[in-house]
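Please keep the model open beside them and look up each residue as it is named.

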Amino acid sequence: MKTKLFLASLFALSVQQTVLAQTDANGYTTVNLTMGSAYQNRVFFDFSANNIISQTANTWDVAFYRNSTYGYGTRINDALNVKVYEASNNMANWDNISIANLSSWGAPLYNPDQTAALEDGAFEQGSAPTGWGQYNGVNHHVEGKVIFVLQYPDNSYIKFAIEDYYGGYTFKYSKWNATTSTWGATETRTIANGSDDAYFNYFSFTTGEKVPNLEPAKANWDLMFTRYWTFFGNIMMYRMAGIIQSPTVTIARVQPETQDTPTATLPSSTTFSSNITSIGHSWKPTSGAPISDVVYYVKQGSDYYRMYFLTNGGEANGNMYFKYKNITTTLGITEVSKKASFGIYPNPTTADKKVTVLFDVKEKDNNKGNVEVYDLTGKRVYNAELSNQAGFYKQDLNLSHLPSGNYLVKISFGGKTETKKLIVK
């Protein structure tokens, strides 16, 4: 088992490559990137280093968000084509879950593609306040409330529940034995957030262990070429191959715009989006060449890149070739470094619509910060001042005056802003 994990880790490291900087007459670099036939790989790309890291996509089942002390979330591996069902919202029913009841569990749950939160996965779509659990304001743990069943394409099943989150995840699972029509022994694991420079820790039900080295360092990738589900054509859920963006970038899609041109006009700041699929599959039809008048502007820190696509190889080879150019020097833009981080609990809110902002100030600033809440029309519906003290503290927000729906919470501190999605119930 350990040998298998070592080889998987070695392979992940062996397929890193720096793209040769071949620029055209307009200053654009061509990137010949491929996910492989049947989209067998997950591929990361870094604009600043012009670097590609390609990994086999099917070595893990569940990813656990570990980027923040206050943040929690998961992702199911869409490369495995898994369907997630909520079997019960009562953890006491663990021993009573039956595959025979699958048809009564409702529609399967998927990792959303229309979200700004990379960690907003399939398990977060469950019926509990956090999807799979409920925040405990006394001990600050998120306590598990929901039992899920994962259905694989070969009709194998895994029963799964996150029991507790507090700086790490304690979860349990059991595999279905088709021969005896019974669940196997319940396995319990704890994966601490740890100190890895990555957004997620990864776990394999096949090995029963954490799978290491499945992400580049957070600063070393901007785009992830991968599989994901989308509500295609507003008709049905469909598994696409496309791009999920890093939380460190925002992207603006412009259409129509001439692709092959030496000049560039930056779109309005309001057109830049944190939606993880701002690019997604919007540059290509389900088959055939990429759309010829679509351009993307990528903001990474103080840098801006302009990119457009050349090739859509489809499932036969997974080729996704594109051109890009750093246009920052023509814009004269500077930006200060991040000085603070924050989290919001509970999210979604409870019935009283009260939330707590946990604010970790890494470097004191002369000016006080602000927390603002906006509705999806861009109207500010809440505003409060934050302390400028260094260290960790919390601030309670009473949002009882707001109707139920989706909102954006914007924190401003030290000349830097950060935005998170908030669901008010």
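1. In which loop does Glu-124 lie? Glu-124 is found in the loop between strand E7 (83–88) and strand E8 (133–135), where strands are DSSP runs of at least two residues, labelled E and numbered from the N terminus. Before going further, note that this is a predicted model, in which local features need pLDDT of at least 70 and side-chain atom pairs count only at pLDDT 80 or more, while totals for chains, interfaces and linings use all residues. Residues are numbered from 1 along each chain as its sequence is written, and side-chain values use heavy atoms, with hydrogens and water left out.

2. Glu-124 deserves a careful look, since it is buried yet has no salt bridge, and the nearest side chain of opposite charge, that of Arg-75, is 7.8 Å away. Here buried means under 20% relative accessible area, exposed means over 50%, and partly exposed lies in between, with a 1.4 Å probe and protein chains only. A salt bridge is a side-chain nitrogen of Lys or Arg within 4 Å of a carboxyl oxygen of Asp or Glu; for charge, Lys and Arg count as positive and Asp and Glu as negative, whereas His and the chain ends are not counted.

3. What does the side chain of Glu-124 meet in a polar contact? The side chain of Thr-74 is joined to that of Glu-124 by a polar contact of 2.8 Å, and a polar atom of the Glu-124 side chain also lies 2.9 Å from the backbone nitrogen of Gly-121. A polar contact is a pair of N or O atoms within 3.5 Å; within protein, one must be able to donate a hydrogen and the other to accept it, and residues adjacent in sequence count only if both atoms are side-chain atoms. With neighbours within four places in sequence left aside, the residues in contact with Glu-124 (heavy atoms within 4.5 Å) include Gly-73, Glu-119, Thr-130 and Trp-132.

4. The largest nonpolar core has 45 residues, and those with the most contacts inside it are Phe-64, Phe-123, Leu-150, Phe-160, Phe-171 and Phe-205. Such a core is a set of buried Ala, Val, Leu, Ile, Met, Phe, Trp, Tyr and Cys residues joined through side-chain atoms within 4.5 Å. Among the elements that give two or more residues to this core are strand E10 (147–151), strand E11 (157–165) and strand E12 (168–177). Leu-150, leaving aside its neighbours within four places in sequence, is in contact with residues including Ile-76, Val-84, Phe-123, Phe-160 and Phe-205. Apart from this core lies another, of 25 residues, among them Leu-33, Ile-243, Tyr-296 and Met-307.

5. Strand E20 is mostly covered, as five of its six residues are buried. E19 and E20 pair in the antiparallel sense over six bridges, where pairing requires that DSSP finds at least two bridges between the strands, and Arg-253 stands opposite Tyr-296 in E20. E20 is also joined to strand E21 (residues 303–312) by five bridges, again antiparallel, with Arg-306 in E21 as the bridge partner of Tyr-297. The hairpin of E20 and E21 has two residues between the strands, and Gly-301 there takes a positive phi near 60°.

6. A search of the whole structure finds seven salt bridges. One of them joins the side chains of Glu-257 and Arg-306 (2.9 Å, N to O). Glu-257 lies in the loop between E19 and E20 and Arg-306 in strand E21, so the pair ties together parts that are 49 residues apart in sequence. Glu-257 is partly exposed, with a relative accessible area of 21%, whereas Arg-306 is buried, at 0%.

7. Finally, some backbone details are worth checking. The peptide bond from Gln-255 to Pro-256 is cis, with omega near 0°, and Pro-256 has its place in the loop between E19 and E20. Asn-81 has a positive phi of about 60° although it is not a glycine, and Asn-81 is found in the loop between strand E6 (74–76) and E7. His-140, in the loop between E8 and strand E9 (142–144), likewise has a positive phi, near 65°.

Notes:
Helices (H or I, at least four residues) and strands (E, at least two) are DSSP runs, numbered from the N terminus.
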